[in-house]
Amino acid sequence: MLGLIQDRPLLISSLIEYAGTYHGDVEIVSRTVEGPIHRTNYRNVNSRAKKLAQALGKLGVELGDRIGTLAWNGYRHVEIYFGVSGMGAVCHTINPRLFPEQIAYIANHAEDKYIFVDLTFVPLIEALAKELPNVKGFVVMTDEAHMPESSLDNLICYETLVEAEDGDYEWPVFDENTASSLCYTSGTTGNPKGVLYSNRSTVLHSFCVCTNDGLGVCNRDSILPVVPMFHANAWGIPYAAAMSGAKMVMPGAAMDGASIYELMEAEGVTLSAGVPTVWLMLLGHVKENNLKFSSMNRTVIGGSAAPRSMIETFVNDYGVNVVHAWGMTEMSPLGTTGNLLKKHDDLPEDEKIDIRLKQGRAVFGVDLKIADDDGNELPRDGVAFGRLMVRGPWITSGYFRGEGGDVIDDEMWFDTGDVATLDPDGYMQITDRSKDVIKSGGEWISSIDVENEAIGCPGVVEAAVIAVPHPKWDERPLVIAVKEEDHPVTREEVIAHLESTLAKWQLPDDVVFVDELPHTATGKLLKTKLREEYKDYKLPTA
Ligand code: AMP
């Protein structure tokens, strides 16, 4: 027997319609590429998203068409998120930090019909336009006064396009499984692969982001997503903010510590979200200038493991709660959050940090398990580690156009490529990427564990740990570190520091110092490059 409840589809348009109606005055504040701070609100964003949908309809955009964006976090990008998905087309966010040839590959693979670009990226598309024959036009996200001189003859001005419409438009109703947005994984090897979200998956994910033990987004929040809208939909924050009517503060292109801090203070930011690299810059600025956070009470750290020292600084020195979160583009992206449980209230602060250091517990909707190479489930004892598998209603069932073949098994489990432990309370801890673990004499050494400890050594700013071939042990760990400017930290000091926390067989065989480490377009350490560079490195123990 089926229930007698209305089968209303879950559509992204309903999020902005709700925000426009019930939180119309709530602000969306943006640092613009043109310079000044811009202020708008949900009423205007809903109205302008509708105008954009009208305009795209006139340009011939239909249900399922892909619309690319090359843009920072800002109000026009938010309007595009809702306008494009709301009309039933697919908002394809392109990561501008990728190599130009990858951008061309992605836009062609997606068959983007139009691409919206911030002024910053006009030179980029001028250089690429010849390789994008299927793109009908490039919409520059600015007004007439700022339209650039350009060699391209198919540039459209965003403001002119949008403001030509009257906004007299009803959001169309269609199947909730209709594709809504597309995001290519940055992939450290091979071509990027597209993850295609649906209206349904996005709305369900937003409910989860708004739960207290998700990211706890609510209408009293002023949220600053430093995580870019071109990376896993800014962790779903723009949708969740609309669902709850939270104020949004958009940093535009300025991600340095001083600019982010200034916005946080000026706009009463209560919640922020970003990768550890960004928080390193912010904390550096705050410490150097002896500042405090007057309104921020929590921050979400994800994308890479949050180092212990960073969590301690936020929690102990600044009273900012840290939500350590894990997920991936293929998961919309939220999978786990590291909130403490009631039973942890009376633990000593140090032990609370131990728990926060783990990547957290599955949010409702995400099933997690760890398995060995043959797919056998491993115990949830906090010790055994294996391949981390996931399934759920906002997790990919396959990449766009079937790239990469079948990616889920018969029971819908998706192999994340991460290696992890699960403890009896359900806290998951990433021990490594499956291709990064160091296989030493039959034992696995987590490169991430060694990295985290190395970063805790005074004088070390950043560290990468990779496997280097070893005649006796197969592979042994090598630390490649960046020193704090003018700090005389030595190889011996790093190893001595590690001796206090790591077992003898986990200690690196050597430490080298470099000026900087290579990163992927999303700020993760590019270990494939390091492995290539150091493949012939002779360890002193070899
Ligand atoms: P992406 O799809 O680019 O967001 O990358 C997802 C991958 O980032 C995951 O599979 C993890 O390897 C890594 N990742 C994300 N969050 C964390 C975290 N909190 N700690 C460690 N690794 C993380």
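A polar contact is taken here as a pair of N or O atoms within 3.5 Å; within protein, one atom must be able to donate a hydrogen and the other to accept it, and residues adjacent in sequence count only if both atoms are side-chain atoms. The model is predicted: local features need pLDDT of at least 70, side-chain atom pairs count only at pLDDT 80 or more, and totals for chains, interfaces and linings use all residues. Residues are numbered from 1 along each chain as its sequence is written, and side-chain values use heavy atoms, with hydrogens and water left out.

**Stop 1**

Select the ligand, then Gly303, where a polar backbone atom is 3.0 Å from a nitrogen atom of the ligand. Asp418 comes next: an N or O atom in the side chain of Asp418 is 2.6 Å from an oxygen atom of the ligand. On its own the ligand has 500 Å² of accessible area, and the protein covers 92% of that area (Shrake-Rupley method, 1.4 Å probe; for residues, only the protein chains shown count as cover).

Now extend the selection to the shell around the ligand. It holds 14 residues, and those that come nearest are Ala325, Thr329, Gln359, Asp418 and Arg433 (a residue is near a molecule or strand if one of its heavy atoms lies within 4 Å of it). Strand β14, residues 321-327, gives the most to this shell, with four residues. Helices (H or I, at least four residues) and strands (E, at least two) are DSSP runs, numbered from the N terminus. By class, the shell has four nonpolar, seven polar and three charged residues. Here Ala, Val, Leu, Ile, Met, Phe, Trp, Tyr, Cys and Pro count as nonpolar, Asp, Glu, Lys and Arg as charged, and the others, Gly among them, as polar.

Stay with Gln359, in the loop between α13 and β16 (361-362). Gln359 is buried because its relative accessible area is 5% (buried means under 20%, exposed over 50%, partly exposed in between, with a 1.4 Å probe and protein chains only). From Gln359, a C-alpha to C-alpha distance to Arg200 gives 26 Å, across 159 residues of sequence.

**Stop 2: the second largest pocket**

Select Leu280, Ser309, Met310, Ile455 and Gly456, which lie nearest the centre of the second largest pocket among its 39 lining residues. Two or more lining residues come from each of α11 (276-288), α12 (308-318), α13 (349-357), β20 (428-433), α14 (447-455) and β23 (460-470). Which element gives the most to this lining? It is α12, with seven residues. The lining divides into 17 nonpolar, twelve polar and ten charged residues, and the space in the pocket is about 1,200 Å³.

The search uses a 1 Å grid over the protein atoms alone: a cavity is a set of points where a 1.4 Å probe fits but cannot get out, a pocket is an open set with protein on both sides within 12 Å along at least five of seven lines, and lining residues have an atom within 4 Å of a point. Grid points are joined across faces, edges and corners, and a volume is the space filled by probe spheres set on the points.

In helix α14, select Glu451. Its side chain reaches the backbone nitrogen of Val465 at 2.8 Å. Glu451 counts as buried because its relative accessibility is 8%.

**Stop 3: the largest cavity**

The structure holds four cavities of 30 Å³ or more, and the largest cavity has about 130 Å³ of space. Select Thr32, Val33, Gly74, Tyr75 and Asp118, the closest to its centre of 14 lining residues. The elements giving two or more residues are β1 (27-31) and α3 (75-86); α3 supplies the largest share, three residues. The lining has four nonpolar, six polar and four charged residues.

**Stop 4: backbone geometry**

Most residues other than glycine have a negative phi, and most peptide bonds are trans. In helix α8 (residues 232-235), select Ala234, which has a positive phi of about 50°. Trp235, also placed in α8, has a positive phi near 55°. Ala234 counts as buried at 0% relative accessibility, and Trp235 counts as buried at 10%.

Finish at Pro333, in the loop between β14 and β15 (334-337). The peptide bond from Ser332 to Pro333 is cis, with omega near 15°.
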